[in-house]
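Here is a short briefing for a first look. Start with confidence, then move to the contacts between chains and one residue in detail.

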Amino acid sequence: MAIIEIKNLHAQIEGNEILKGINLTVNAGETHAIMGPNGSGKSTLASVLAGREEYEITEGEVLYHGKDLLDMDPNERACEGIFLAFQYPVEIPGVNNSYFLKTAVNAIRKHRGEEEIDPGDFLTLLREKMKLVHMDDKFLSRSINEGFSGGEKKRNEIFQMMVLDPTFAVLDETDSGLDIDALKIVADGVNEFRKDPKKAAIVVTHYQRLLNYIVPDFVHVLVDGKIVQSGGKELAFELEDKGYGWIEIEPAPAHA
Amino acid sequence: MNQQIEPVTGRDLFRQHFEEVEDRFSSNGQSWFMNTRKAAFARFTELGIPTRKDEAWKHTSLNPFNEVEFRPSDVSDVDSKALLEGIVFHNWKAHRVVFQDGQYSEGNSAINNLPKGLTIVSLKEAFSTHREVIEEHLASYAGEDENEAFVALNTALHEDGLLVMVEKGVVVEDPIHLIYLTTSHAHPSSTHPRTLVIAEEGSQLTLIERYAGEEGSVYFTNAVSEIVLGENAHFDHYRLQDESPQSFHIGTVQIEQGRNSRYRTHAISIGSRIGRNGIAAHLDGEGIECVMNGLFLTQDDQHIDNHTRVIHAQPHCYSHEVFKGILDDHSSGAFTGRIIVKEGAQKTDAIQSSKNLLLSDDATISPDPQLEIFADDVKCTHGATIGQLDTDAIFYLRARGIDEQSARGLLTFAFANEIIEQIKIEPLRDYLEAIIARRYRKGAL
Amino acid sequence: MTSDTLMLEELAQSEYKYGFSTDIEADTVPPGLNEEVVRLISAKKEEPEWMLEWRLKAYRHWLTMEEPQWQNVHYPPIDYQAASYYSAPKQAGEGPKSLDEVDPKLLETYEKLGIPLKEREILAGVVAVDAVFDSVSVGTTFKETLAEKGIIFCSFSEAVKDHPDLVKKYMGSVVPYTDNFFATLNSAVFSDGSFCYIPKGVKCPMELSTYFRINEASTGQFERTLLVADEGASVSYLEGCTAPMRDTNQLHAAVVEIVALDDAQVKYSTVQNWYPGDENGKGGIYNFVTKRGKCAGKNSKISWTQVETGSAITWKYPSCILMGDNSVGEFYSVAMTNNMQQADTGTKMIHLGKNTRSTIISKGISAGKSQNTYRGLVKIGKKATGSRNYSQCDSMLIGDKCGAHTFPYLEINNKTSQVEHEASTSKIGEDQIFYCNQRGIETEDAVSMIVNGFCKEVFRELPMEFAVEAQKLLDVSLEGSVVYIKRLSLRENRIKGKNDYGNY
């Protein structure tokens, strides 16, 4: 069953076209990796799926469970089960993590027509998930991402994903800036999420290293706003050996 | 006029040193590097030894340094085993590299079991074995800042040093313990140690860089380290300056950081009569993290001057800098920290603080935090404090039965501990704790 | 969560909800200022001779002064001859003897404002209120309850008559009549205000509160508050302000003096919500206020907390003179400006005694085309050994047409003292809002969450009831900017050809 279908997606920012016709279908139970050089449009794709405002969609469509995703506000998408792990998680001083997550969880429950979560149950849920990302209790009363190291911010993204329990997760360079120990924790979290056959994920990464820990079902190479190569996980190793150069030199289809 | 023979010092002295170096290095495997040395020495001659009239040296007078006639360090055959005994950490796994009086000391080093992907080679040897690396990187980064004259002098005069290279994706488990040791000489000696670290994409490395010397010896160490971090590389750096109290130490560290890389340093200065500690990081890629923790302890008439510079050249970078000074007796110190956020470096998150504890009425400190911001969506904070031990806290401890000396020691230790507790190398932490206990608790523990 | 629902309801109202005016007959002195007017005010208040003399000294001094220009705010020259300097609700004969005699229209006004003046309607023992309508105090609640403890809480006029010794001793002892242009003007023409005296060793059993209301058009309001906490006394004092919407500017030049003797503690909280003018900057209050506290005794403490959301121009620096050894001064401030508002506010901490401590936490939020300036002085005198100060100034910008400015001045004259200053400027970015959106949280909730998070350190200093009010106020003040951000996101979010934000 297709969770997300991206059809001929074109997006631009300030008049510059970044995505130039993306086609990609992700089915339940699948993990797709998207790789590519800097500036190829990987992060733009992740942002567009989550509904970031700066980008203008000029052509194409995205269906999420068969519904028009691009017509939804960002918070509506989140309530429908789309989660973006940010490349640069945002700091919100003075707002602590548990209050933030509780507001988010209840917004999502309200959207589903459910009651607000019981505070006791909520705390139990937080504690359980915190353990998985190796965070201690102090973390709950700290302001969102404020004063967090790069590694802590990325772990927090994974923690939020586990608490909000989305259907479809997009991880935007969640491995960047992580040392090997933090990388393993993040990968464990993602692999836990993948166990559920009803869920799916897109993993955007710059480095093949991550894919040793999160083994994808499919690998796509994004160059200059288009997917130029798709394959199994072997493709990642090939990229590691040869770099992106061998793909880029292939003649691009004429623009005219 | 003067009946005594005037000692040759300062610029003239180093000209003599350079002529001697020129003779030696023109004929061996380094002749191809001679033009770089010459250009560097010309630059040094042009700049001269800084004076307090130079803005970047306004807190530090080099007059005592200018009075000493240093000689280039001899290849000493002093048995330094006993000296090293107090410096190396026991029961601790590390790749140890020792330089004695500026020269690589094979006997004292232990680099037999290097993991795959890690190269450690003395710089002198690297001139033959890794010429391309040296050509590309050595003297390519450092010197764009306030220490320029001394960096140029090092480039011109350096005899030896270390090249460390970590290949792409390699995680080096055991730290490298690099020791530059100076022994006693009949005359004041000088060395110019040079270190070059190249960590490729996704690699991980820990380096402890030590500077130590025999108690009572007068010498000059002019050290320069250049560190190049590739994308997503992680580098933990510990720099411990624990020179003899009669020495002069000028240290410069230049870090070039690539996208998503992380650099953490603990820069600790304890020794030297006059010490200068320059650290500059160039954050030239998105998603970079740079953490600088500094601690300096001064006593008697010591003077330690710290200069840091963090250049945010790209968006989404994070730098966090905390420098703490503990100053006793007649000692003095300075901290000049500069954060430069270039145009377009949006979402910069830069924190800088200078906290100083004066243990006596005669100690002085000049903190000078500076921010230069050319972007409009950034978070920058800076702060400076100067204070003495909290008399209420001392009284509180005394009311609980702790004598005044111990109470002061305890509070001083607590002040330093904010930095020390972040050190991940246990024996180094222990070593520093012992020094602080010795200095400030004065035996009463 | 009920508090969230409340906030949302408040958000729905974009207008200044205290903007109504009360149609009540007033006794107003004709516009203009001269010695005769000063004498007239004093006569109407049946003041003793010494009070009149003080006013005249101030007036004569004022004539020699020039209006200050150094502050970072801009307004057309004020014509001091065009304003009326006295307005009082007309009463038959003397002033009200008890609340029952107060004009019911006035009581109604205060009820609309949420300020209950009838004691029985107040939760027993929570807050005692002195309400000042235009220039005069119209009623003080819980007087008797307080009197049992020896606490004097009354209008300034009553204090002049009933407690002349206390007034003579302390009035002008913190803000002398020569202090500054507006304080001197106030000294000459002040009409009423609140007076409070807490005797030795008494802890005031309830919050004391003054509520200021400007009603008449083209009157200035010049009230004066004097608060004295004797040895070992403590009190928490709240001040709130509103004014009707009028399209001319009105001047509010108040003076607040606080004296804390040995071991006394005073906490003074303000929620200032004067009418700010419309979105084009027409109308609104000029809020030029001198507030100063003197920690005269050892171990005394004065703490200022202010939430400034109203006024066309706010210009004030609640300050502390730390004379007594070990005395403590605190300043917690949120200053929010929107549309064309201007604020130049901050504090002065003058350390004179040994081991004195001060803390400054300032949060500035600027939206629309507003300008928000923090100006603070920390001065540590030669003899103030072992003193400490911590200052933190954070600015938040909403949109890119507003400005935030920070001017911290430090004068440290001895080296055993410790001073720490931190400053930051951030934009409430679409980034932060998008991050919340992406976790399922709507834009209004996100903005409210972000702004309240930013102000948290100050809000937690406010008494409970005030903290809730302050949060709601901020949401209301931000209303315009939330819509702005939302429109922006909708506009940019829509796909070409599918554009339907016109319905919004």
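This is a predicted model. Chain A as a whole has a mean pLDDT of 90.

**Confidence in chain A**
- In chain A, 95% of the residues reach a pLDDT of 70 or more.

**Where chain A meets chain C**
- Chain A brings 28 residues to this contact, and chain C brings 22 residues.
- On the chain A side, the elements giving two or more residues are β4 (56–64), α2 (74–79), β7 (92–96), α3 (97–111) and α6 (150–164).
- That side of chain A has 16 nonpolar, seven polar and five charged residues.

**Where chain B meets chain C**
- Here ten residues of chain B touch twelve residues of chain C.
- Strand β21 (residues 379–387) gives the most to the chain B side, with seven residues.
- By class, the chain B side has two nonpolar, six polar and two charged residues.

**A closer look at Thr305(C)**
- Thr305(C) sits in strand β14 (residues 301–308) of chain C.
- Thr305(C) counts as buried because it has 27 C-beta neighbours inside 10 Å, and the cut-off for buried is 20 or more.
- Leaving out residues up to four places away in sequence, Thr305(C) is in contact with Ser269(C), Tyr332(C), Val458(C), Glu461(C) and Leu462(C).
- Pro318(C) is 13 residues from Thr305(C) in sequence, and their C-alpha atoms are 9.0 Å apart.

Methods
Residues are numbered from 1 along each chain as its sequence is written. Chains are lettered from A and ligands numbered from 1 in the order in which they are written. This is a predicted model: local features need pLDDT of at least 70, side-chain atom pairs count only at pLDDT 80 or more; totals for chains, interfaces and linings use all residues. Two residues are in contact if their C-beta atoms, placed from the backbone, lie within 7 Å. Helices (H or I, at least four residues) and strands (E, at least two) are DSSP runs, numbered from the N terminus. Ala, Val, Leu, Ile, Met, Phe, Trp, Tyr, Cys and Pro count as nonpolar, Asp, Glu, Lys and Arg as charged, and the others, Gly among them, as polar. pLDDT is the predictor's confidence in each residue, from 0 to 100. A residue is buried if 20 or more other C-beta atoms lie within 10 Å of its own, exposed if 12 or fewer, and partly exposed in between; C-beta atoms are placed from the backbone.
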